[in-house]
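Please look over the sequence and the model shown here before reading on.

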Amino acid sequence: MYDRLLRTECGYTGPQPYWDWTLNYKDPRKSKMFDGSVDSMGSNGAYIPGRNGTFTTAFGRNRTIPAATGGGCVTSGPFLNYTVNLGPANYEPRVGSGNGLDYNPRCLRRDVSLVFANNTKPTDVVALIGSNPTLEAFSGFFETRDGLHASGHFTIGGDPGNDGYVSAGDPIFYLHHGQVDRMWTIWQALDPKTRFGNVFGSSTAFNRESLPFHFRRRRCAIHSLGVWLSHRNRNMMVIGYAYEV
């Protein structure tokens, strides 16, 4: 849907970009991606001193995200006046029903974290791709509390970036997940005969055992966040996607 809307409503005709975290892990604020220029993904949020961390609860997991280098509204770039409408769903202040689905217009906030960015180094990517021969091992490494998937989200942080349920409200979400998919694709390509058909997990987030063994093993390819992939979609090249690697 995201790809289709970009093309039908925004007139975009290019490939889908991804955010290679390894190129700017030392300080994303200094990268072209987040320098606030007109063709960037927008700046960090304005710095707000004296803040506490953000207590979040999502997918049955609780944690406090430490305050970092921003915290306020994006200050420059194409998303300067961008409006976030959904959430928060997994931290305060919730509004209305509290499920994150009520209309709640507000600015896009970011809080770039150098701590989480440091978890997306080239060596972290090499460890993920090179040291995990099965999808179970790959997924387990990827989805740790400070793994590459979570750290990419929390590197940007803010609102809705810290929200496990509505973080797609920040446009950088899609470039981050392009990189997530790219990691999986590179990992598959190292042993295509075995890995394009690998299956693991269930349709429930972080729950490996909620489906019968034969169903989990034969009919679906799923990672530990409960993302369901049909048999055909295990190989992204079959549906016309390939990454520059």
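A disulfide is taken here as a pair of cysteine sulfur atoms within 2.5 Å. By that criterion the structure holds 1 disulfide, formed by Cys73 and Cys107, whose sulfur atoms are 2.0 Å apart. The torsion about the S-S bond of Cys73 and Cys107 is about -70 degrees, so the disulfide is left-handed. Because Cys73 lies in strand β4 (residues 71–74) and Cys107 in strand β6 (residues 106–107), the pair ties together parts that are 34 residues apart in sequence.

This is a predicted model, in which local features need pLDDT of at least 70 and side-chain atom pairs count only at pLDDT 80 or more, while totals for chains, interfaces and linings use all residues. Residues are numbered from 1 along each chain as its sequence is written, and side-chain values use heavy atoms, with hydrogens and water left out.

The secondary structure of the protein comes to 9 helices and 8 strands, where helices (H or I, at least four residues) and strands (E, at least two) are DSSP runs numbered from the N terminus. For burial, the relative accessible area is used, computed with a 1.4 Å probe and protein chains only: buried means under 20%, exposed over 50%, and partly exposed in between. Of the 245 residues of the protein, 44% count as buried. Cys73, at 29% relative accessibility, counts as partly exposed, whereas Cys10, at 58%, counts as exposed. With contact meaning heavy atoms within 4.5 Å, residues 24 or more positions apart account for 63% of the contacts in the protein with a separation of 6 or more.

What does helix α3 (residues 122–130) bury? Val125, Leu128 and Ile129 are buried in this helix. Seen down the axis of α3, its buried residues fall within an arc of 85 degrees (taken from the directions from the helix axis to the C-beta atoms), so they line one face of the helix. On the other side of α3, Thr123, Val126 and Gly130 are exposed. The buried residues of α3 pack against α4 (135–142), α5 (148–156), α7 (172–189) and α8 (192–195).

In soluble globular proteins, nonpolar side chains tend to be buried together. A nonpolar core is defined here as a set of buried Ala, Val, Leu, Ile, Met, Phe, Trp, Tyr and Cys residues joined through side-chain atoms within 4.5 Å. Of the 26 residues in the largest such core, Trp19, Trp21, Phe138, Phe142, Ile172 and Met183 touch the most other members. Helices α3, α4, α5 and α7 each supply at least two residues of this core, and α7 gives the most to it, with 7 residues. Not counting residues up to four places away in sequence, Trp21 touches a set of residues that includes Val125, Phe142, Leu148, Val180 and Met183, and also His176 and Gln179.

Two polar residues in loops complete the picture. Asp27 lies in the loop between α1 (2–8) and β1 (45–47), and at 13% relative accessibility Asp27 counts as buried. The side chain of Asp27 makes a polar contact with the side chain of Arg29 (2.9 Å); a polar contact is a pair of N or O atoms within 3.5 Å, where within protein one must be able to donate a hydrogen and the other to accept it, and residues adjacent in sequence count only if both atoms are side-chain atoms. Asn198 is placed in the loop between α8 and α9 (213–218), and at 17% relative accessibility Asn198 counts as buried. A polar atom of the Asn198 side chain lies 3.4 Å from the backbone oxygen of Thr194.
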